[in-house]
Amino acid sequence: MKIGFYGASKAGISLAFYFKDHGLEITGFYNRTYEKAIKAASMTKTRVFENPEDLLEASDVIFIAISDTFIEEVSKNLYSLHLSQKVIGHLSGALTSDAIRTECRGKFSLHPIQTLRGQPEDVQFLKEAMFSLEGDEEGKKAAKIILQKIGNKYIELKKEDKVVYHLAATVASNYLIALLNFSYLLYKKIGLADEVIFSIIKPLSFASLENFLKDRLNCLTGPAARGDVLTLQKHYNALPNEKKPAFLELLMLAADLVLEKGDKNVYEKLQQFTNSVRW
Ligand SMILES: NC(=O)c1ccc[n+]([C@@H]2O[C@H](COP(=O)([O-])OP(=O)(O)OC[C@H]3O[C@@H](n4cnc5c(N)ncnc54)[C@H](OP(=O)(O)O)[C@@H]3O)[C@@H](O)[C@H]2O)c1
């Protein structure tokens with residue numbers, strides 16, 4: 001099976017490295033901006049294609065590895081004499097294989113649940129990553145051959161579940177970073193150096209993550225878990241005004257866990273506190 005990439009994107013390059021490492025045959029890259037295709041092909045020691053038709057001719061499976069917004073448009077304009085024999089997939093977490101708007105042998109969406117930067121080191125991160133798969137019969141058949149080769153675990157998704165599935169992934173990755181940065185900026189405000197801040201954040205957040213994975217219901221500590229309204233009020237007062245609503249929303253997300261654990265008393269304190277400062 002020959003695999004080609006339409007799009008010298010970060011995800012496309014990382015997967016090309018990863019697939020090659022697992023003995024899959026990669027034809028190469030086509031990209032709208034030609035220079036980037038040259039770079040991707042040279043990094044991954046594959047071919048560069050000057051036009052999509054040549055990429056399609058040379059490949060059995062084509063990943064449209066470009067920004068989600070343009071997958072429909074690009075797939076609609078794909079042309080090959082042998083399109084009916086080609087399987088076409090994309091890497092989007094939120095879109096389904098219906099975004100591939102052309103007649104071909106099979107369609108799939110194969111999403112690596114990992115943050116990828118188009119660097120050889122991504123291969124290490126991909127080893128641990130779970131994938132998700134959705135598509136038609138022929139599309140899934142081809143994607144499963146790839147999955148079997150790389151050996152990663154995967155889940156099969158229904159089309160209607162993809163958006164929520166992807167939203168959950170962004171919470172665990174992108175918004176987790178946003179939260180860590182929120183903490184970073186508060187430390188910065190009191191003049192701590194980056195090195196010191198990272199030395200504080202690293203063990204704290206690693207331990208929190210480990211505790212969450214080990215014992216989700218009992219891992220929450222701190223003023224939210226204790227219903228310590230006096231401390232929460234001090235935190236609230238210390239925040240710049242524009243960050244106060246976010247703080248309250250986060251507190252109520254923590255309160256959901258408190259309630260699930262069965263700590264109704266603490267939950268009510270958190271709710272009362274939130275209502276009292278909101279109104
Ligand atoms: N990066 C990740 O962490 C990650 C993880 C999982 C899945 N994905 C998925 O992988 C896909 C690529 O994402 P990415 O973040 O890796 O992308 P990226 O590095 O930002 O690259 C975007 C690519 O889209 C191309 N492109 C943009 N508009 C285009 C258009 N109108 N016509 C043709 N090509 C166009 C760009 O071409 P030019 O170079 O010419 O601008 C570039 O090759 C997306 O479906 C994304 O959801 C990404």
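Guide: What follows is a conversation about the structure shown above.

Visitor: What kind of model is this, and how are the residues numbered?
Guide: This is a predicted model, in which local features need pLDDT of at least 70 and side-chain atom pairs count only at pLDDT 80 or more, while totals for chains, interfaces and linings use all residues. Residues are numbered from 1 along each chain as its sequence is written.

Visitor: How many helices and strands does the protein have?
Guide: The protein has twelve helices and eight strands. Helices (H or I, at least four residues) and strands (E, at least two) are DSSP runs, numbered from the N terminus.

Visitor: What does the C-alpha trace span along its principal axes?
Guide: The C-alpha trace spans about 70 × 40 × 35 Å along those axes.

Visitor: What share of the residues counts as buried?
Guide: Of the 279 residues of the protein, 31% are counted as buried. A residue is buried if 20 or more other C-beta atoms lie within 10 Å of its own, exposed if 12 or fewer, and partly exposed in between, with C-beta atoms placed from the backbone.

Visitor: And what about contacts between residues at least 6 apart in sequence?
Guide: Among those contacts, 56% join residues at least 24 apart. Two residues are in contact if their C-beta atoms, placed from the backbone, lie within 7 Å.

Visitor: Let us turn to the records. Which features does UniProt list?
Guide: Among them, an unreviewed UniProt entry gives "domain: Pyrroline-5-carboxylate reductase catalytic N-terminal" at residues 2-87. UniProt also lists "domain: DUF2520" for residues 130-247, again from an unreviewed entry. UniProt positions are in the numbering used here, feature names are shortened, and annotations may be inferred rather than shown by experiment.

Visitor: Where does UniProt put a transmembrane region?
Guide: The unreviewed entry in UniProt lists "transmembrane region" at residues 163-187. In the model, that span is 100% helix and 0% strand, and its end C-alpha atoms are 34 Å apart.

Visitor: Next, the ligand. Which residues come nearest?
Guide: Ser 9, Ala 11, Arg 32, Thr 33 and Ile 66 come nearest, out of 23 residues around the ligand. A residue is near a molecule if its C-beta atom, placed from the backbone, lies within 6 Å of it.

Visitor: Changing topic: how do α7 and α8 pack?
Guide: Helix α7 (residues 162-189) and helix α8 (residues 194-214) pack at an angle of about 145°, with their axes 10 Å apart. Axes are lines fitted to C-alpha atoms, for helices over the stretch in contact, and angles run from 0 to 180 degrees between N-to-C directions.

Visitor: Which residues make the contact?
Guide: Helix α7 contributes Leu 180, Ser 183, Tyr 184, Tyr 187 and Lys 188, and helix α8 contributes Ile 197, Ile 200, Ile 201 and Ser 205. By class, this contact of α7 with α8 has six nonpolar, two polar and one charged residues.

Visitor: Where is Leu 185, and why is it classed as exposed?
Guide: Leu 185 is in helix α7. Leu 185 is exposed because 12 other C-beta atoms lie within 10 Å. The C-alpha atoms of Leu 185 and Ile 197 are 9.4 Å apart, and the two residues are twelve residues apart along the chain.

Visitor: What about Lys 45?
Guide: Lys 45 is in the loop between α2 (34-44) and β3 (47-48). Its phi is near 55°, a positive value in a residue other than glycine. Lys 45 counts as exposed, as it has 11 C-beta neighbours inside 10 Å.

Definitions and conventions
Nonpolar A, V, L, I, M, F, W, Y, C, P; charged D, E, K, R; others polar.
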